[in-house]
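This report describes how the parts of one protein chain are arranged and joined. Please consult the sequence and the model shown here while reading.

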Amino acid sequence: MNIKNDNEIIEPDVCQKSNFIGYTYCPLKLTFKECIEETVKNYQSETGDKDFRYYVPSGCSTEDPYDDIWKSQNIEQLPEVIASVGFGDFFRKEFVERFIHKGYFKAVPQPEIHSSFSAAGLVDPNGWYTIYSVFPLVILIDKKKLGKLPEPKRWSDLLSPVYKNNIIIGASHGEFHEDLFLYMYKDYGDEGVVKISNNIKSGCHASQMAKLAGTNSNEGAAIYVIPWMFAKACPRHEATKVIWPEDGALVTPLYLLVKEIAYEKYKPIVECITGYDYGQKSAHNYFPVMNAQVDNRLPEGAVFKWLGWDYIRSHSIHQRMEYVMNIFKEVWSGKFEDREMLL
C-alpha cells in the first residue's frame with residue numbers, strides 16, 4: 001500500500017516497508033508534498049519500481065504513524081531516505097548510537113553551497129547528516145511599544161532587564177519552543193536562561209505574532225523572537241522593524257538521512273529535495289537553502305548562528321532541552337506568584 005496522504009489506512013508495520021518518509025515545517029508541507037509526489041511519479045515511470053512506498057504528511061496536526069520510528073532496533077526497519085527538521089528524535093542519543101555512529105547513513109553530494117552555510121559550520125564534518133535548508137529565527141520589534149528602549153542588535157541584548165516582560169516567543173499547543181533557550185544556554189549558561197525567561201511576557205504561534213506586532217493590543221510586546229518568514233509577513237511595516245541579529249539568525253536544520261547503500265537507487269528523491277526547483281520555492285517562502293544556485297534573498301551581511309556539530313555531539317540534546325525548559329518553567333511559574341528567580 002502506497003502512503004500518499006493522511007487519509008489512507010495505515011498498516012501497523014508500514015514503517016518497515018516504506019522507502020521514504022518526509023517531514024518539513026508546516027508552511028512548506030504542501031509544496032514539499034507536491035514536489036515529492038511529482039518526483040515519485042517520474043521515478044516510478046522511469047524505473048518501473050512500483051513497490052516504492054513513502055509517507056509525506058500534508059496536515060500540520062495529524063497523528064503521526066511514524067512517531068516512534070526512531071526506536072527501531074534494526075536498520076532494515078528504517079526507510080532508506082528520511083527527511084526531517086529540528087533537533088528531534090533523529091538526534092536522540094539512542095538513535096545516534098544505534099545507527100548514525102555505525103555509518104549506515106552518509107551525507108549526499110550537494111551542488112555548490114552558499115558561503116553563509118559553510119561559514120556557519122552547517123556542513124556535517126562527519127558526513128552523516130545532510131542539511132539542505134534552515135529555519136531562521138530573527139527579532140521583530142514594535143517601534144511604539146519599544147519606545148525609548150534600545151533596539152536589540154545581538155541575542156545577548158535580550159538578556160538585559162530593561163526588556164522585562166516585554167518579549168514574546170514561539171509556542172504552540174500550550175508548549176513553549178525550546179530552540180531559543182537551547183542557544184541561550186549554550187552561550188550564557190543557566191544565568192542566560194534565567195535572564196531571558198524573566199523578560200518573556202508570553203508565547204504564541206508565529207502567525208499570531210505577525211498579527212499582534214505593531215498594533216495597540218495589550219497582548220502584544222515590544223520584541224518578538226519570530227521565524228523570518230512570519231516576520232516578513234507582518235503587514236505593519238511602518239510600525240515594526242525586522243532585525244537580523246549581528247551575530248546571526250538562530251537556525252534549526254532541515255536535513256536528510258540517507259542510507260549509504262540506497263543513495264544511487266533513490267538519487268532522484270534526494271535531488272528533488274536538494275535541487276534548484278524545490279530550493280527556489282523554499283527560498284521564496286524565506287527558508288534559505290544550501291544550494292548556491294538559489295537566491296536566498298538574505299539581507300546584506302546576514303549570517304547564521306548554528307548550535308554547532310561539536311556541541312550537538314558532546315551533549316545529549318534532548319537532555320539539554322529538558323534541562324533548559326525546566327529552568328524556564330521554574331522562572332515562569334515564579335512570575336505568576338509575584339516573585340522573580342534570582343541568581
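In which helix does serine 282 lie? Serine 282 belongs to helix H10, which covers residues 276–284; helices (H or I, at least four residues) and strands (E, at least two) are DSSP runs, numbered from the N terminus. Serine 282 counts as buried because its relative accessibility is 2%; buried means under 20% relative accessible area, exposed over 50%, and partly exposed in between (1.4 Å probe, protein chains only). Leaving aside neighbours within four places in sequence, serine 282 is in contact with Leu28, Phe287 and Val289, where contact means heavy atoms within 4.5 Å.

The model is predicted, so that local features need pLDDT of at least 70 and side-chain atom pairs count only at pLDDT 80 or more, whereas totals for chains, interfaces and linings use all residues. Residues are numbered from 1 along each chain as its sequence is written, and side-chain values use heavy atoms, with hydrogens and water left out.

## Domains and core

The chain is divided into domain 1 (20–135 + 251–321) and domain 2 (136–249); these bounds come from an automatic or database domain assignment. The largest nonpolar core has 118 residues, and those with the most contacts inside it are Phe20, Ile36, Leu122 and Trp306. Both domain 1 and domain 2 give residues to this core, so it lies between them. A nonpolar core is a set of buried Ala, Val, Leu, Ile, Met, Phe, Trp, Tyr and Cys residues joined through side-chain atoms within 4.5 Å.

Leucine 122 illustrates the packing. Not counting residues up to four places away in sequence, leucine 122 touches Phe117, Ile131, Val134, Val251, Met290, Phe304, Trp306 and Trp309.

## The interface between the domains

The centres of domain 1 and domain 2, taken over C-alpha atoms, are separated by 27 Å. In this interface, 24 residues of domain 1 are in contact with 20 residues of domain 2. Between them the two domains bury about 2,100 Å², 72% of it on carbon and sulfur atoms; buried area is the accessible area (1.4 Å probe) that two parts lose on being put together, summed over both. On the side of domain 1, Phe135, Tyr286 and Lys305 lose the most area to domain 2, together 34% of what that side buries.

Nine residue pairs in polar contact (both at pLDDT 80 or more) are counted between domain 1 and domain 2. A polar contact is a pair of N or O atoms within 3.5 Å; within protein, one must be able to donate a hydrogen and the other to accept it, and residues adjacent in sequence count only if both atoms are side-chain atoms. Strand E4 (130–142), strand E10 (249–258), strand E11 (304–305) and helix H12 (317–335) each supply at least two residues of the side of domain 1 that touches domain 2. The largest share of that side, three residues, comes from H12.

What is the count of salt bridges between domain 1 and domain 2? The count is one, a salt bridge being a side-chain nitrogen of Lys or Arg within 4 Å of a carboxyl oxygen of Asp or Glu. Lysine 305, found in strand E11, forms a salt bridge with aspartate 187. The side chains of lysine 305 and aspartate 187 also make a polar contact (2.9 Å). Lysine 305 counts as buried because its relative accessibility is 17%. Not counting residues up to four places away in sequence, lysine 305 touches Trp155, Tyr183, Asp187, Asp247, Gly248, Ala249, Leu250 and Val251.

## Salt bridges

The count comes to twelve salt bridges. The table lists some of them, including the pair already described.

| Pair | Closest N to O distance |
|---|---|
| Lysine 305 and aspartate 187 | 2.9 Å |
| Lysine 71 and aspartate 68 | 3.5 Å |
| Glutamate 151 and lysine 153 | 3.2 Å |

Lysine 241 lies in strand E9 (residues 240–243) and glutamate 151 in the loop between helix H5 (143–146) and strand E5 (167–172), so the pair ties together parts that are 90 residues apart in sequence. Glu151, Lys153 and Lys241 are linked in a network of salt bridges.

Lysine 71 is partly exposed, with a relative accessible area of 44%, and aspartate 68 is partly exposed at 45%.
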